[in-house]
Each structure stands twice: as structure tokens, then as C-alpha cells.
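Please take a look at the sequence and the 3D view before reading on.

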Amino acid sequence: MSHKAWMKTVPTENCDVLMTFPDTTDDHTLLWLLNHIRLGIPELIVQVRHHKHTRVYAFFVTATYESLLRGADEIGLRKPVKAEFGGGMRSFSCEEDYIYENIENELYFFTSQERQNIIRYWLENLRAKQGESLHNIHFLEGQPIIPELAARGVIQQVFPLHEQRILKRLMKTWVQAVCEAQPLDEICDYFGVKIAMYFAWLGFYTSAMVYPAVFGSILYTFTESDQTSQDICCVVFAIFNVIWATLFLEEWKRRGAEFAYKWGTLDTPAESIEEPRPQFRGIKRISPVTSAEEFYYPPWKRLLFQCLVSLPVCLACLSLVFLLMLGCFQLQVGPHPARTGLPAPSVLTLTPSPSPQEFVLSIQELPRIIRFLPKIVLAVIVTACDEVYKKIAYWLNDMGAW
């Protein structure tokens, strides 16, 4: 089912993240995952619901306000501080929760995007114990369960839900508004800093394009029809564009830094190392850089696979493409005059080689449909090779990083 169908089918007031499963999912899989979530993440509230028409199950996931506060402390969520305590942004701490703005208001302290980030963090950090398995899926010790099941197709999709109340307000103040400033703060609160920063840049870029558009229109209007006048105007417009581009970049740096400071991401430390993809396999060790547990795969094994498998497969694919290209060229040139009994053209006569279609059309004995055979064969070969190469690329990518 689509995201919108789920939103309209069941009430979602007490749901932040929705997890759906294929219609072929058995009860053992649902109970196994539900039990692991409730035991591994006691902060979450999970409701199991079933859509009667499509026979699809879904987990509606949310959390209490107290649990979200502990989650914000765990992930170091940055929240605004009250003016009497210095103001600015600071990583949330449960021990000093009284210093943060709107801490007393459970409905407005966390935005929907912040709640969903905390819940997603918990779900992605639900890890398997040694020897755990589900059907034919065998987990490594400490491996995240949810991403692995999503990669294997056991979980169909995991996505956050919208709040219709906020969407309707943004529809009026942002989408339907004409010649009004974008509500960037509301966009940031709902969609996050990255989305808000993108639309801030897009609005700034659109506004900045007015200057070269107006200046270029004026030049075009007053330019004479002679070549000298047009050349002078082109040089003037080029110089203007160089100055405009420099000022545009410098002004955006200042504007971007202003938004980053306002939204609390200017002094945000670098993001920690992301979790490896679910298909990654390796041995567990302590990282010499972060001193945290990680999965490690020896570089010499990866290099051995690249030299003995990846490189030969890539060369074989390139050779196949090269041979197909030569075949197309041979068909394009057509038969040699000596073999057909036709007089050879003069050395000084430039006769373009016929295309594959022209070569086939020149053979009158062939049926009309078969005359289009070169184009059909070429289209089939290109489509088939594209699908085959895509599967090979996925396989090499998965195996090469084990």
C-alpha cells in the first residue's frame, strides 16, 4: 500500500513511525520481531494493526514523553536554552532539563521530526545476540536487526508519518502563498535542517537571479543590430556575471552561516561513523580510532576479490560490449564489393557507408518485417545487457565490501 493509503485508513494520532510487512509474512515472523522490539527497546509503544482488504500487517510505533526525553539525552539532541540560562543551543540533558525552552509543554517541546529521529535511532540500534536467526536469516553478534530485515524484504518499508495539521498550515503559508517569504523556521521544525537549508538556498538563488535577468534584458533592449555593439554587450554581460557570481557565493556563505547558527548546526560536531550496510560481513573488533565495537573485514581479502573476481568480470563485460560494437560496425559497412560482384568504387569517390537499416533494405528478397531486424536486435541486446550488467554490478558491490 502507499503511504497516503495507510495514513487515511487508520488513525495515526498515536503513531510516529510506521513499519509495514508484505502480505506473505507469517505470524512467527511478526511475533519474533515484536518480541525483540518490546524486550530490546522497552521505551517504544508498538501497536499491531491489520488492513482487512490487503491483508497487510503494520506496526504503529510511538513513545511516551519521558522516554523521548531520555532518547534526546542519548543521541545528544540540540535544543534551545532559556534566556535566563544563557540562551543559544545545547545538547539536551535530562539532569538539567529545566533550562530548556518549552520543557513543560509535552506537545510542543519536540517537533514531529525530532520524535521520529529518536524512534528511528532506537529501531536502527536494535541489535542481535550471538546465534540468533529468523528462518534462513542468520544474524551476527551485534548486527542491527531492522536494517537487515528491511534489506532482505522481510520488512516492506519503515517510514515516518505526517501530521495533517502542520501540513495544512504549511500548505497555506508556503505552497499556496504568492510573493511571500518562505516560512523557513516552520520548514526546519517539521522537515529538519537539511530540507530547510535546501529551500533557503533555492529561494536565495531564485531571488539572486533577478539581477542578471534585469541587467541582461536592459542590454538586449538597447543593443544595436551591428556586430560591434553586440560584441561589446557580450563582454559587458560576461564581466557582470563574473562579479555577480562572486557576490552571490559570498553572500550565501553569510546567509548559510546565519541559518546554521539560528538552527543550531553551526558548531555541531562531525557526525559519527555510520552503521555499515546490512549486507556487510566481517569480524567484530574494537576500532583503533573510535574505541567502539565495529565489524572489520581485512583489506587483503577485499583486494584479492577485486583482482581475481571484480577485474576479470569487468574486463569480460567490456570485451562483450566491444565485440557487439564491432558487429554493429560490420553490419553498418555491409558486404565487400568483391564478394557481391559489384564494381568497387573509385579511390577518390567518397561513398558513405550504408546504415544497418539501409543494408537490410537493399536486399529485396527479405520480407518487409525482417528488414527492421537490425534495429530490433540492437534494442533487445541493449536492454538485456543493461539488466544483466545491473545485477552484476549489485553482486560485485555486495561481495566486494564483505
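## Two loop residues and a sheet

H135 is found in the loop between β6 (133–134) and β7 (137–138); strands here are DSSP runs of E with at least two residues, numbered from the N terminus. This is a predicted model, in which local features need pLDDT of at least 70 and side-chain atom pairs count only at pLDDT 80 or more, while totals for chains, interfaces and linings use all residues. Residues are numbered from 1 along each chain as its sequence is written, and side-chain values use heavy atoms, with hydrogens and water left out.

The phi of H135 is near 55 degrees, a positive value in a residue other than glycine. N102 also has a positive phi, near 60 degrees, and is not a glycine. Its place is the loop between β5 (89–91) and α4 (112–124), where helices are DSSP runs of H or I with at least four residues. Accessibility is given below, with buried meaning under 20% relative accessible area, exposed over 50%, and partly exposed in between (1.4 Å probe, protein chains only).

| Residue | Phi | Relative accessible area |
|---|---|---|
| N102 | near 60 degrees | 43%, partly exposed |
| H135 | near 55 degrees | 49%, partly exposed |

Now to the sheet. It is open, with 4 strands in the order β2-β3-β1-β8 and antiparallel pairing; two strands pair if DSSP finds at least two bridges between them. At the edges are β2 (44–51) and β8 (157–160), each pairing on one side only. Strand β2 is joined to the antiparallel β3 (residues 56–63) by 8 bridges. Within this pairing, R49 stands opposite A58 in β3.
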